[in-house]
Amino acid sequence: MTEIASVEPSNELQPSPSSAVWLRIMALVYDPFVWLGEIAGMRRRRSTLVGSAQGRVVEIGAGTGLNIAHYPDGITELVLCEPEPGMRRRLAHRLQRHAGVARIVDAPAEHLPMADASVDTVVSTLVLCTVDDPERALREIARLLRPDGQLLFIEHVRASSRFLAACQDKLFQPWRHFAGGCHCNRTTVELMRACGFAIAADDGVWRGMPAIVHPLVVGRATR
Ligand SMILES: C[S@@+](CC[C@H](N)C(=O)[O-])C[C@H]1O[C@@H](n2cnc3c(N)ncnc32)[C@H](O)[C@@H]1O
């Protein structure tokens, strides 16, 4: 059964009308755009990562639902948070094809409608690059995780190569407009540490995608 609930996003997180139209288009083209990256390794990464989700699970920025098929049967609850209406429609469509009980919630990562210390696993794949306020989102994730809870993540990040980092800085604005607000040069792991998380992660390459989003970190963060 699919249930869709909603929380009211604050005005500061509302997109402008023109970017709202582009975000709707992005929701339609997202799966074909990342398809090559999925078959070139991202699908396998999702499967390994999400396979270690346990207990009550909250996924932020669930997008079109490319992780759904990989959740293990043993999880007790799956809450898929996604603030963009076009993405939520694709998500609901994909969810219908999978058995199990999950809820779709209209909520940005900066305002998650769950009680303190009530969640075992938070999943974030390719989302912390896009949220408007990543520190607020990470504090929100820390708030809702139980003391022994985990944040499982795949994120593309600022390159360690000076040349690629310079390309990311140069192409930051056009990429951000094209890719629905994505910050290709964000230092997400450093932000996680600054927000009090301990990180166990591996570096990777998002093959099949433009070079400015190649550098990946894949891992687990705990409080
Ligand atoms: C690159 S897509 C990733 C989608 C999905 N997680 C995946 O792995 O394919 C980024 C997603 O983050 C969502 N997003 C944008 N701003 C957000 C926010 N403030 N909080 C949570 N999600 C957000 C977008 O709507 C989009 O679905």
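Tutor: The following account takes the aromatic pairs in turn and then the cluster. This is a predicted model, in which local features need pLDDT of at least 70, side-chain atom pairs count only at pLDDT 80 or more, and totals for chains, interfaces and linings use all residues. Residues are numbered from 1 along each chain as its sequence is written, and side-chain values use heavy atoms, with hydrogens and water left out.

The structure holds 4 aromatic pairs; rings of Phe, Tyr and Trp (its six-membered ring) pair if their centres lie within 6.5 Å, and planes under 30 degrees apart count as stacked, over 60 as edge-to-face and the rest as tilted. One of them joins tryptophan 22 to phenylalanine 178 in a tilted arrangement, at 6.2 Å centre to centre and 50° between the planes. This pair links distant parts of the chain, 156 residues apart: tryptophan 22 belongs to helix α1 (residues 17–50) and phenylalanine 178 to helix α5 (residues 172–178). Helices here are DSSP runs (H or I, at least four residues), numbered from the N terminus.

Tryptophan 22, at 31% relative accessibility, counts as partly exposed, and phenylalanine 178 counts as partly exposed at 34%. Buried means under 20% relative accessible area, exposed over 50%, and partly exposed in between (1.4 Å probe, protein chains only).

Phenylalanine 33 and tryptophan 175 form another tilted pair, with 6.5 Å centre to centre and 40° between the planes. Because phenylalanine 33 lies in helix α1 and tryptophan 175 in helix α5, this pair ties together parts 142 residues apart in sequence. Phenylalanine 33 is partly exposed at 31% relative accessibility, whereas tryptophan 175 is buried at 11%. Trp22, Phe33, Trp175 and Phe178 together form one aromatic cluster.

Notes:
Helices (H or I, at least four residues) and strands (E, at least two) are DSSP runs, numbered from the N terminus.
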